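Me: I have a chain to go through with you. Can we take it piece by piece?

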Amino acid sequence: MSKVLNLLSSLADDTNDAINNTPYILRRLAEFTEGELNDLITQLEAIRDQAEELEEAHEKIQEEVVELQKELNEK
């Protein structure tokens, strides 16, 4: 029961943060020209793509570590 209450409290906090921050975010976005906003979006997409590549590389490394540990345990 306490876990549910903590989750609801966290959700309420997140919602409150979003409500409080949204006007500021929208004002900041309105300051950009269309070209600047497009450049920002392009940069964010590139960062997202890099993060996905790093996540995939991390997963592969973790799999390799597990395999190496298995090999060491067999020896």
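Me: How accessible is D49: buried, partly exposed or exposed?
Reply: D49 counts as partly exposed, because its relative accessibility is 33%. Buried means under 20% relative accessible area, exposed means over 50%, and partly exposed is in between (1.4 Å probe, protein chains only). This is a predicted model, where local features need pLDDT of at least 70 and side-chain atom pairs count only at pLDDT 80 or more, while totals for chains, interfaces and linings use all residues. Residues are numbered from 1 along each chain as its sequence is written, and side-chain values use heavy atoms, with hydrogens and water left out.

Me: What does the side chain of D49 meet in a salt bridge?
Reply: The side chain of R48, at 3.4 Å from N to O. A salt bridge here is a side-chain nitrogen of Lys or Arg within 4 Å of a carboxyl oxygen of Asp or Glu.

Me: And where is R48, and how accessible is it?
Reply: R48 is in helix α2. It counts as partly exposed because its relative accessibility is 45%.

Me: How many salt bridges does the structure hold?
Reply: Three. Besides R48 with D49, R28 pairs with E31 at 2.5 Å, N to O, and E67 pairs with K70, where the closest N and O atoms are 3.9 Å apart.

Me: Changing topic. What secondary structure is there?
Reply: The chain has two helices and zero strands. Both kinds of element are DSSP runs numbered from the N terminus, with helices being H or I of at least four residues and strands being E of at least two. Helix α1 covers residues 2-30, and helix α2 covers residues 34-74.

Me: What is the radius of gyration, and what would a compact globule have?
Reply: The chain has 22 Å, whereas a compact globule of 75 residues would have a value near 11 Å. The radius is taken over C-alpha atoms, and the globule rule is 2.2 Å times the number of residues to the power 0.38.

Me: What box do the C-alpha atoms fill?
Reply: Roughly 65 × 45 × 10 Å, taken along the principal axes.

Me: How much of the chain is buried?
Reply: Of the 75 residues, 0% count as buried. The accessible surface comes to about 7,200 Å², and 56% of that belongs to carbon and sulfur atoms. Those areas come from the Shrake-Rupley method with a 1.4 Å probe, and for residues only the protein chains shown count as cover.

Me: Which residues make the nonpolar surface patch?
Reply: Y24, I25, L26, L29 and F32, giving about 480 Å². Patches are made of residues with over 30% relative accessible area and no salt bridge; like charges are joined within 9 Å, and nonpolar side chains (Val, Leu, Ile, Met, Phe, Trp, Tyr) within 5 Å.

Me: How accessible are L29 and I25?
Reply: L29 is at 37% relative accessibility, so it counts as partly exposed. I25 has a relative accessible area of 44%, so I25 is partly exposed too.

Me: Which residues form the negative surface patch?
Reply: E52, E53, E55, E56, E59, E63 and E64. Among them, E59 is found in helix α2 and is partly exposed, because its relative accessible area is 40%.

Conventions
Lys and Arg count as positive and Asp and Glu as negative; His and the chain ends are not counted. The place of a charge is taken as NZ of Lys, CZ of Arg, CG of Asp or CD of Glu.
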